[in-house]
Amino acid sequence: MRKRLSLVLLAVLLALVALMKVSHAAGPTLVPGGTITTDTTWTLDGSPYIVQGGLNIGDGTNPVTLTIEPGVEVRFVADGWLAPRNAGTLIAQGTPSQPITFTSNAATPAPGDWRHLWFHPGSTARLAYCVLSYAGYNEREALGILSSDVEVVNCRIHANQDEGIYIAGPGLSPVIRDTAVENNGGIAIVQTTVDMNPTYQG
């Protein structure tokens, strides 16, 4: 009787493990270039997301939010990029155990494989526990900030072809906190004007 019960329990456990594997087998998810026009969430189940060109968040007039769940990996083809436009929002808040990764889709990644994350004037971004690597296609910055409503916290920006962070525009006040910008091919952080007031901490 005990042996039969043990076998039944083992069968149940194996079935549960199989279901768990199936539930996380939806990815990879191919994302064509273009424009995200409605609020969208990229889930862990769909990871990795492979962005196949330039991808705008919003059309520049209507509010649109892309939310990326902790643990998701976003890969870009050559010259691929992700850019919230005016009224567009990117929420990519990972955790210490489940960071969000923005990286190359190449089999052997190298600096400059894809372009960048680019935050247009009027856009909003919240990045936490994100890793951004192998960007900078055609000698571009890995992270471009043209909006004040941007927070980059506990992130790592490394192994990119040129500048790590590029901040452009008078009066801007983004927040860069507890973030490592290291081993890039260009200057770590570039400010284009003196009349801006970014917050740097840690």
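Student: Which strand gives the most to the lining of the largest cavity?

Tutor: Strand E13 does, with 3 residues. Keep in mind that this is a predicted model.

Student: Which strands each supply at least two residues of that lining?

Tutor: Strand E13 (130-133) and strand E16 (156-158).

Student: What volume does the largest cavity have?

Tutor: About 40 Å³. With a cut-off of 30 Å³ or more, the count is 1 cavity.

Student: OK, switching to rings. How many aromatic pairs are there?

Tutor: The count is 3 aromatic pairs. One of them is Trp 42 with Tyr 49, which is stacked, at 4.9 Å centre to centre and 10° between the planes.

Student: And are those two buried or exposed?

Tutor: Trp 42 is buried because its relative accessibility is 4%, where buried means under 20%. Tyr 49 also counts as buried, with a relative accessible area of 6%.

Student: What about Phe 76 and Trp 114, how far apart are the ring centres?

Tutor: Their centres are 4.1 Å apart and the planes sit at 10°, so that pair is stacked as well. Phe 76 belongs to strand E7 (residues 73-76), while Trp 114 is in the loop between strand E10 (100-104) and strand E11 (117-119), so the pair ties together parts 38 residues apart in sequence. Both Phe 76 and Trp 114 are buried.

Student: New topic: where does Ser 47 lie?

Tutor: Ser 47 is in the loop between strand E3 (40-42) and strand E4 (49-51).

Student: Why does Ser 47 count as buried?

Tutor: Because its relative accessible area is 16%, and the cut-off for buried is under 20%.

Student: What does the side chain of Ser 47 reach?

Tutor: The backbone nitrogen of Glu 73, at 2.9 Å. Beyond its neighbours within four places in sequence, Ser 47 is in contact with Gly 27, Gly 71, Val 72 and Glu 73.

Definitions and conventions:
Residues numbered from 1 in each chain as written. Predicted model: local features only at pLDDT ≥ 70, side-chain atom pairs only at ≥ 80, totals over all residues. Heavy atoms only, no water. Helix = DSSP H or I, 4+ residues; strand = E, 2+ residues; numbered from the N terminus. Buried < 20%, exposed > 50% of the residue type's maximum accessible area, 1.4 Å probe, protein only. Polar contact = N/O pair within 3.5 Å; in protein donor to acceptor, adjacent residues only side chain to side chain. Contact = heavy atoms within 4.5 Å. Phe/Tyr/Trp six-rings, centres within 6.5 Å; stacked < 30°, edge-to-face > 60°. 1 Å grid on protein atoms, 1.4 Å probe; cavity = no way out; pocket = protein on both sides within 12 Å on 5 of 7 lines; lining within 4 Å. Points joined across faces, edges and corners; volume = space filled by probe spheres on them.
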